[in-house]
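This briefing goes through selected local features of the structure shown below. Topics are grouped by location and by type of feature.

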Amino acid sequence: MKMSIREAINLTLHEEMARDSRVVVMGEDVASGQGGVYGVTAGLTEKFGVARVIDTPITESAIVGAAGGAALTGLRPVAELMFIDFLGVCLDQLLNQIAKFRYMFGGQARTPLVIRTMIGAGEGTGPQHSQILYPMLAAIPGIKVVVPSNAADAKGLLAEAIRQDDPVVFCEHKALYMNECEVPEGDYVIPFGKARTVVAGTDITLCGLSRMAVLAEQAAVELAAEGISAEVIDPRTLSPLDEESILASVSKTGRLVVVDESNPLCSMASEIAGMVAEFGFDYLDAPVQRVTAPHTPVPATPCLEKEYVPSVADIVRSAKKALEY
Amino acid sequence: MDYSLDELTRAYRLMKTIREFEERIRSEYQQGKLPGFIHMYRNQEAIAVGACLDMTNDDYIASTHRGHGHCIAKGCELEGMMLELACKQDGLCNGKGGSMHIADMTKGMLGANAIVGGGPPIAAGAALTAKTLKTGGVSMAFIGDGASDQGTVAEALNLAVVLQLPMIFMYENNFYAEFTRNPKPEGRIAERAGAFGMPSIVVDGSDFYAVHAACREAIERGRNGGGPTAIEAVSARYYGHFEGDPQDYRDGAELRAQRAAGDPLPRFLEDPRTAALNANSIADIDSAVFAELDRTVELALAAADPTPDKLYTDVYVDYEGRAMQ
Ligand SMILES: Cc1ncc(C[n+]2csc(CCOP(=O)(O)OP(=O)(O)O)c2C)c(N)n1
Ligand SMILES: [Mg+2]
């Protein structure tokens with residue numbers, strides 16, 4: 001069935017709540033209004049009631065921490081951190097508590113927690129509502145990080161996130177919510193750590209994360225018009241990261257552009273570039289190209305925000321640079 | 001308390017300016033001429049103006065996402081504000097902040113804030129500056145009823161008491177946080193300050209005189225080394241959470257009643273204490289306000305966008321942000 005990412009997430013929440021009564025949804029305005037600012041949790045209250053669809057006060061430390069504590073003791077919470085920027089308010093609970101439970105308690109603990117959160121620029125929401133920040137999370141041992149770029153992946157990955165037993169941060173790019181694609185019906189689960197080949201190709205690999213996978217696909221179309229065959233890979237999860245698929249693609253193409261909307265220092269682009277430089281050196285015919293946002297906050301003004309976010313043209317330019325090397 | 005004609009004139013001019021500024025930007029926004037999100041302050045004008053009337057540029061405020069009224073009351077120029085809301089180069093923040101991050105350091109206006117609960121610790125820091133440097137200044141944090149639940153607010157309350165800071169916690173109880181009715185009875189928020197050992201008072205937020213009297217006392221206390229005060233000013237939100245929110249989650253009849261009862265302008269004009277302000281002066285103020293709005297809107301809409309190179313400026317004091325090589 002054709003649906004948007006927003007609808008796919010909503011459907012999956014309905015299905016998983018029906019499937020397992022330990023699944024609870026909690027967050028600010030998830031139950032009231034239209035089901036959150038973008039309606040992602042719409043209809044859950046009517047179906048499952050306020051005991052399982054829990055509106056919280058504006059108190060992210062307590063939301064994330066309590067979701068973690070509930071996960072540790074038998075619930076399977078899907079907590080909403082409205083924007084990933086609000087990580088700043090609640091980081092201790094995630095970084096020092098939830099991420100560490102399993103390891104520091106010697107393997108006793110299971111924390112089946114999903115934190116759904118919105119990421120990304122492009123909607124004019126300014127410096128405190130537009131960040132990416134997933135590289136920070138991917139750097140924390142004990143947390144899994146998921147970055148779906150289409151509705152089918154959103155469904156399969158969210159089902160997996162809810163059913164597996166580790167803390168997961170599920171990053172929803174707000175500029176992708178309305179993107180539609182075919183979504184498999186019924187039980188559909190995608191294991192973590194498996195990249196998706198978006199477009200097969202032979203001349204160059206474009207590895208795009210979250211919304212940048214969509215832009216990489218558009219760049220591949222432009223490159224194809226010039227006779228260049230680009231392979232587009234979407235890792236889909238950052239931790240675990242499907243290093244094998246990225247290396248396999250580079251072994252075929254010899255060239256790599258990583259496209260990541262985060263700031264460049266310590267970005268996922270840097271991580272993937274470093275990984276390929278270390279383990280795929282023999283495959284490379286050109287230096288790995290990183291296409292990222294600049295080392296600046298996200299400006300409020302739309303004209304500068306457009307400059308900030310990597311564009312299809314940036315990807316095409318970097319691909320050509322690698323090809324001309 | 002007696003009011004001079006100058007005080008009455010300023011109070012009316014500021015409240016009227018806030019009202020008409022917002023009605024004007026609301027209409028421009030609806031026509032798609034202003035970017036981003038804007039949050040309307042209507043019917044809370046008496047809070048900002050009562051709070052800031054006795055302040056100078058050496059006093060500080062930390063504002064919220066609903067910050068236009070605070071800016072105007074604290075003395076920010078309409079021209080710089082209008083340019084900022086239009087995200088133009090000559091705006092107060094060069095277009096990088098927009099409505100939700102507007103600030104003016106020259107006026108002691110330490111920023112609107114898109115992080116709910118982000119302001120109070122910052123305001124506490126400004127109060128620490130005033131106390132340490134013995135400027136005689138005070139610092140005020142504006143805090144929504146929803147924001148009052150953030151841990152940052154509790155921590156700032158405690159710090160202000162422990163350090164005996166010249167600070168005012170100005171809670172604006174407008175009954176709603178986004179789409180959720182504030183479940184706390186009136187006065188509950190102010191009570192919390194009492195638990196930290198801070199004097200507190202609840203006032204009618206649509207009564208300029210009540211707000212101003214409470215603030216005058218709190219500011220005096222702060223200036224005289226008497227430590228912090230909490231004020232809960234109650235006035236129902238008039239429009240939706242953000243412009244474009246139809247607020248169909250509110251009861252129509254109740255909303256109509258709240259709108260009428262909560263309008264601070266007729267209330268101020270009908271109060272016997274306002275008698276010295278005659279009809280002619282009111283008409284003069286009104287036409288000056290409208291003329292200034294016409295001028296600044298026209299100027300802001302025609303003004304230049306920041307050029308692309310501005311993306312990299314002001315990340316640091318002494319070096320620029322950078323693009324990926
Ligand atoms: C840390 C954080 N959490 C959540 C939000 C989303 N949000 C923006 S405004 C708002 C409601 C704030 O309510 P209140 O403090 O009562 O202020 P009001 O909007 O009524 O002025 C929420 C939840 C945010 N911006 N920051
Ligand atoms: Mg409120």
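A residue is called exposed when its relative accessible area is over 50% and buried when that area is under 20%. The model is predicted.

- Cys266(A) takes part in no disulfide, and the nearest cysteine sulfur, that of Cys171(A), is 17 Å away.
- Cys76(B) counts as buried because its relative accessibility is 5%.

**Magnesium site in chain B**

- The magnesium ion (ligand 2) is coordinated by Asp145(B) through OD, Asn174(B) through OD1 and Tyr176(B) through O. The distances run from 2.0 to 2.1 Å.
- Along the sequence, the donor residues of the magnesium ion (ligand 2) follow the spacing D-x28-N-x1-Y.
- Asn174(B) is buried, at a relative accessible area of 6%, and Tyr176(B) is buried at 8%.
- Gly146(B) is placed in the loop between β2 (139–144) and α6 (151–162) of chain B.
- With a relative accessible area of 9%, Gly146(B) is buried.
- Apart from neighbours within four places in sequence, Gly146(B) is in contact with Ile58(A) and Ala177(B).

**Helix pair in chain A**

- Two packed helices are described by the angle and the distance between their axes.
- For helix α9 (residues 243–253) and helix α10 (residues 268–279) of chain A, the axes come within 11 Å and cross at roughly 65 degrees.
- The crossing of α9(A) past α10(A) is right-handed.
- On the α9(A) side the contact involves Glu243(A), Ile246(A), Leu247(A) and Val250(A), and on the α10(A) side Ile272(A), Met275(A), Val276(A) and Phe279(A).
- The residues of this contact divide into 7 nonpolar, no polar and 1 charged.

**Backbone geometry**

- Most residues other than glycine have a negative phi, and most peptide bonds are trans. The following residues depart from one or the other pattern.
- The peptide bond from Ser239(A) to Pro240(A) is cis, its omega being near 0 degrees. Pro240(A) sits in the loop between β12 (237–239) and α9 of chain A.
- Asn43(B), which is not a glycine, has a positive phi of about 75 degrees. Asn43(B) belongs to the loop between α1 (5–30) and α2 (45–52) of chain B, and counts as buried at 0% relative accessibility.
- Cys87(B), also a residue other than glycine, has a positive phi near 60 degrees. Its place is the loop between α4 (78–85) and α5 (119–132) of chain B, where Cys87(B) is buried with a relative accessible area of 4%.

**Further buried residues and their contacts**

- Which residues does Val309(A) contact, leaving aside its neighbours within four places in sequence? These are Ala121(A), Gly122(A), Arg211(A), Met212(A), Glu261(A) and Asp314(A).
- Val309(A) lies in the loop between α11 (302–308) and α12 (312–324) of chain A, and its relative accessibility of 9% makes Val309(A) buried.
- Val309(A) and Asn263(A) are 46 residues apart along the chain, and their C-alpha atoms are separated by 9.8 Å.
- Gly321(B) is in the segment after α11 (279–302) of chain B, and counts as buried at 8% relative accessibility.
- Between Gly321(B) and Leu311(B), 10 residues apart in sequence, the C-alpha to C-alpha distance is 8.1 Å.
- Leaving aside neighbours within four places in sequence, Gly321(B) is in contact with His295(A) and Thr296(A) in chain A and with Tyr312(B) and Val315(B) in chain B.

Notes
Residues numbered from 1 in each chain as written. Chains lettered and ligands numbered in written order. Predicted model: local features only at pLDDT ≥ 70, side-chain atom pairs only at ≥ 80, totals over all residues. Heavy atoms only, no water. Axes fitted to C-alpha atoms, helices over the stretch in contact; angles between N-to-C directions. Helix = DSSP H or I, 4+ residues; strand = E, 2+ residues; numbered from the N terminus. Left-handed = near helix turned anticlockwise from the far one by under 90°. Contact = heavy atoms within 4.5 Å. Nonpolar A, V, L, I, M, F, W, Y, C, P; charged D, E, K, R; others polar. Disulfide = S-S within 2.5 Å. Buried < 20%, exposed > 50% of the residue type's maximum accessible area, 1.4 Å probe, protein only. Donors = N, O, S within 2.8 Å, 3.2 Å for Na, K, Ca; no water.
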